[in-house]
Structures are given as C-alpha cells and as structure tokens.
Amino acid sequence: MPLFSYPSSPLIPTLILLLSLPILFFVGPRILPPRRLIITAPDEFDDLALFHKAIAASSATSSKSGKLPSTRAHLGSTSSFRPKIAFMFLTNSDLHFLPLWQRFFNKSHPNLYNIYIHSDPSIEIKPPTGVFANRTIPSKRTQRSSPTLISAARRLLANALLDDPANAYFTLISQHCIPLHSFNYLYNFLFDMQKLQQNLEYLSYIEILTDSPSLRDRYNARGKNLMEPEVRFDQFRVGSQFFTLTRRHALTVIKDRRLWRKFKLPCINVESCYPEEHYFPTLLSMADLQGCTKYTLTRVNWTDSVNGHPHTYYPAEVSPDLIYRLRDSNSTYSHMFARKFSPDCLDPLMKIADSVIFKD
C-alpha cells in the first residue's frame, strides 16, 4: 500500500497540458519540419485549362522551325508588327523598385513590351500604378522551397502567351531585381538586327549547371531516386529561377506534363528542396539544350549567401561602380538585371538612374 495517496482528478493533467502549450508554441517550429504548400487538384485543373488555351492560341503563330514569329518583312520600319518582350514579375510583397522600373519602361516605345504580375493573393500588396496598373494576372499562393513557385512562373508564361502573339521573349523578374541597362539596350541585344536579317534561331538565356556540390541531396529531396524514370540523376540540373525564354521554350514549359508529375511532389528533405531552381533548367536541358545559352541575364552574388539567400545589397553599397561590376559577365554579353537589393536602395538607385543605369 502506498505511503501517500492523491485524489484522482482531471485537473492535474489539464494544468500540465496548459503549461506545455507555450513550450510547444516556441519550441515546436524549431524541432518540427516546416510545412510546405502543395499543388492542390483545383489549382492543377485551373492551370491545365489555362495552358490548353495558351497552347491552342499559340499554334497559329508559332513557327514549326522554332524561330521567332517574325520575319524581315514583319520587321520593316513601316510595319506595325515588331516582336515584344514580356516582363513577368513574380512577387509576394510590394514592388519596391516600381519607380525605377517605371523610368526603365517610360524611356522605351510602349508597343515593344508587355507586363504581367503574379502577386501572392494571401498577402496584402499595394496596387501597382502607371504602366504596371491592371497588369496582375489571376494568381495563387506561393512559398519558397515548394513547387508553387514553378506553378506561378508557368502561369505567367501561359498568360503572356495567350495575351499577345507578338511576345517573343519572356523574362522572369522578382521584386528584388533591378535593371542594369536601358530598355533600348536590352531590346537591341535580344533582337539583334543581324540575326533578324539572317532569320537565325534565337536562344533562351537560362542558367543550366551540372556541378553543384549539393546536387545529389537536391535530387533525392523527395525520396531516394524518386525522380526516376522521368529524370535520371545524370539528367538533373540546377540554375537560377530567373530566366529569359524564347516563345518556343515558353510553350515547351507549359506543354510539359511528364517532368511536372515528379517536380510537383512534396519534399521530405525541405533543406535541400528548391524545385524552382531545378525544374526549368532540367526540362530545357532535356528538351533542347542547344537552344539555350546555359547562362542567365540576371546577376546574383552568392559569395556570402545565408540560408539559401544570395547577398543582399544595401544603400551604402549602391554606387556607379557597383552597377558597372554587376554588368560584367563571363560570357560575351553583359548582365541585364541584378538581385538582390533591399527596398531602401530605391533612393540611391534613382539618383544614378539616368546618369549611370540607363546611360548606355
């Protein structure tokens, strides 16, 4: 018989539970794996319907040879048709550098570009103004390290394809990106008249790498060898999620079903899961490697990255010399955009916009 006995009461376990709740609240997020958004069936059906419309609308304008939907006859100085650049902004916050981008577009011909914005609807964002007004497409939630970022980029591509058959290049931009040259400089670079006159095939500017030290971990992020047979490890690629694609490659992306079935699966190892950095370079490497430069036009500084984020530039670092350095690349062409800049960089950037950034 016990020396001491206590009355049985539900009060004690209730008190223990109440006292443990604050501990779980603070400790739980540190010991449990973070939850990631998944692609739901309704979202998938919505996107498929959009993709089918875009593919059908593009079938009449896309060339079987894979060249831009433009010829020397179309591009004469008296012609009303000229190829356009579709700028696709993917954001989950205010467009911090909207005034800088406004100036970028205001210095160009309004019939040479289109703007499309995918804005996370779960976050309250200030409505864009000027040339950005009413350019937000039907959007869905996004989250880092989840396939929702792939879906958002595909959604932007489909809307741009469906909206204007003159869209010939498709450039993905984040809210932390800035331009490094004027619009005219970028346009002349992409639509080089010598290429147009010779009717040459155009290339997509997308980073495609094979030598990342964490590539095996990223490949197995959803489960060991789960990507097979659609994607073998020797086919798996990594690259920047920000790209400039030709129209034929934009169509390749929204037509894909085979690789998407694998890349939309949730990750077991979230720390190694960056689907948006793998899906596009892997798909285009397998579909048409010769049609890609394997380089991106967006400069990113990874020398002191933190938690998978690149170096962030702050006001004290903004200078003409920084712009000149960011333009430099290992290829024969200049970088056209750069990230990642903190929102308070806007003022110093605006001060050198006309004298440095847009002075080509």
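Modeller: A disulfide here is a pair of cysteine sulfur atoms within 2.5 Å. This is a predicted model, where local features need pLDDT of at least 70, side-chain atom pairs count only at pLDDT 80 or more, and totals for chains, interfaces and linings use all residues. Residues are numbered from 1 along each chain as its sequence is written, and side-chain values use heavy atoms, with hydrogens and water left out.

Colleague: Is the link of C267 and C273 left-handed or right-handed?

Modeller: The sulfur atoms of C267 and C273 lie 1.9 Å apart, forming a disulfide. The count by this rule is one disulfide. At 55° about the S-S bond, the link of C267 and C273 is right-handed.

Colleague: Which strand gives the most to the lining of the largest pocket?

Modeller: Strands are DSSP runs (E, at least two residues), numbered from the N terminus. At least two lining residues come from each of β1 (84–91) and β8 (298–300). With three residues, the one that gives the most is β8.

Colleague: At roughly what angle do the axes of helix α2 and helix α4 cross?

Modeller: Helices are DSSP runs of H or I with at least four residues. Axes are lines fitted to C-alpha atoms over the stretch in contact (heavy atoms within 4.5 Å), with angles running from 0 to 180 degrees between N-to-C directions. The axes of α2 (residues 41–58) and α4 (residues 148–163) come within 8 Å, and the crossing angle is roughly 35°.
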